[in-house]
Amino acid sequence: MTRGLYAALALQLIVFAAWGGRLLTSHRDVAIVWLATEPVDPRDLLSGNYVALRYEIARTHCDRGAGADEASPTPVWVQLVPNGDQVPTAEAMATLSSAIHCRLTPPDLDGGAPWIMGRIEPRTDRITFGIERMFVGEDNPLRTATSGSVIAKVAINDTFEPRLLGLITIRKEDVP
């Protein structure tokens, strides 16, 4: 190989290592919220073993604003607060969060109630957060779980991006 190819390979390794480091550290020491899910259509059999999810907070009403393009997703930020509903989990009692406010501009980092970034989808006016699917392995008992029978543990970083950390069944016979 020539030196140019070695340099290109080294540059690619540096870029991917930096990207991987960012992914590994972007949700460290961040706000954790528990979100209730709603029933949704079954998962697509062609795309693998994914649990399809829909969140209660996705029903938050948020106007697109004047002059917004109705054909493309509109970014929004939704404020969350604990709603008092508690569900037993293996870790402890989880207090579910609900949406109280929606806005079209990013909020300030004020250290108050967490915000989560989403997008208003065209034609449906539902908000999606990028955490509507979770891959599960062949032997995972969550493989048969449906949205509405689980709660989601979600980490939200300082840029309001959510990451799905896990799902916990809320049926009493499945909770330890």
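What follows is a working chat about a predicted model, covering a surface patch, some ring contacts and the sheet.

Me: Which residues make the nonpolar surface patch?
Reply: In this predicted model, the nonpolar patch is made by Phe-16, Trp-19 and Leu-23, and its area is about 360 Å².

Me: Phe-16, then: buried or exposed?
Reply: Phe-16 counts as exposed, because its relative accessibility is 54% and the cut-off for that class is over 50%.

Me: And where does Phe-16 lie?
Reply: Phe-16 lies in helix 1, which covers residues 3-25.

Me: How many aromatic pairs does a search of the whole structure find?
Reply: The search of the whole structure finds one aromatic pair. That pair is formed by Phe-16 and Trp-19, whose rings are tilted at 50 degrees between the planes and lie 6.0 Å apart, centre to centre.

Me: What separates Phe-16 and Trp-19 along helix 1?
Reply: Phe-16 and Trp-19 are three residues apart in helix 1, so about one helical turn separates them.

Me: Switching to the other tryptophan contact, what lies over the face of Trp-115?
Reply: Arg-103 lies over the face of Trp-115, at a distance of 5.6 Å from the ring centre.

Me: How many bridges join strand 3 to strand 5?
Reply: Six bridges join strand 3 (residues 74-88) to strand 5 (residues 115-120), and these two strands run antiparallel. Across this pairing, Trp-77 stands opposite Met-117 of strand 5.

Me: What about strand 3 and strand 4, how many bridges there?
Reply: Strand 3 pairs with strand 4 (residues 93-103) over nine bridges, again in the antiparallel sense, and Val-81 has Ser-98 in strand 4 as its bridge partner.

Me: Last one: in which sense do strand 1 and strand 8 pair?
Reply: Strand 1 (residues 31-36) and strand 8 (residues 150-156) are antiparallel, and their pairing extends over six bridges. Within it, Ala-36 stands opposite Ile-151 of strand 8.

Note on methods: Residues numbered from 1 in each chain as written. Predicted model: local features only at pLDDT ≥ 70, side-chain atom pairs only at ≥ 80, totals over all residues. Heavy atoms only, no water. Patch = residues over 30% accessible without salt bridge, like charges linked within 9 Å, V, L, I, M, F, W, Y side chains within 5 Å. Areas by Shrake-Rupley, 256 points an atom, 1.4 Å probe, with all protein chains shown as cover. Salt bridge = Lys/Arg side-chain N within 4 Å of Asp/Glu carboxyl O. Helix = DSSP H or I, 4+ residues; strand = E, 2+ residues; numbered from the N terminus. Buried < 20%, exposed > 50% of the residue type's maximum accessible area, 1.4 Å probe, protein only. Phe/Tyr/Trp six-rings, centres within 6.5 Å; stacked < 30°, edge-to-face > 60°. Lys NZ or Arg CZ within 6 Å of the ring centre and 35° of its normal. Pairing = 2+ DSSP bridges.
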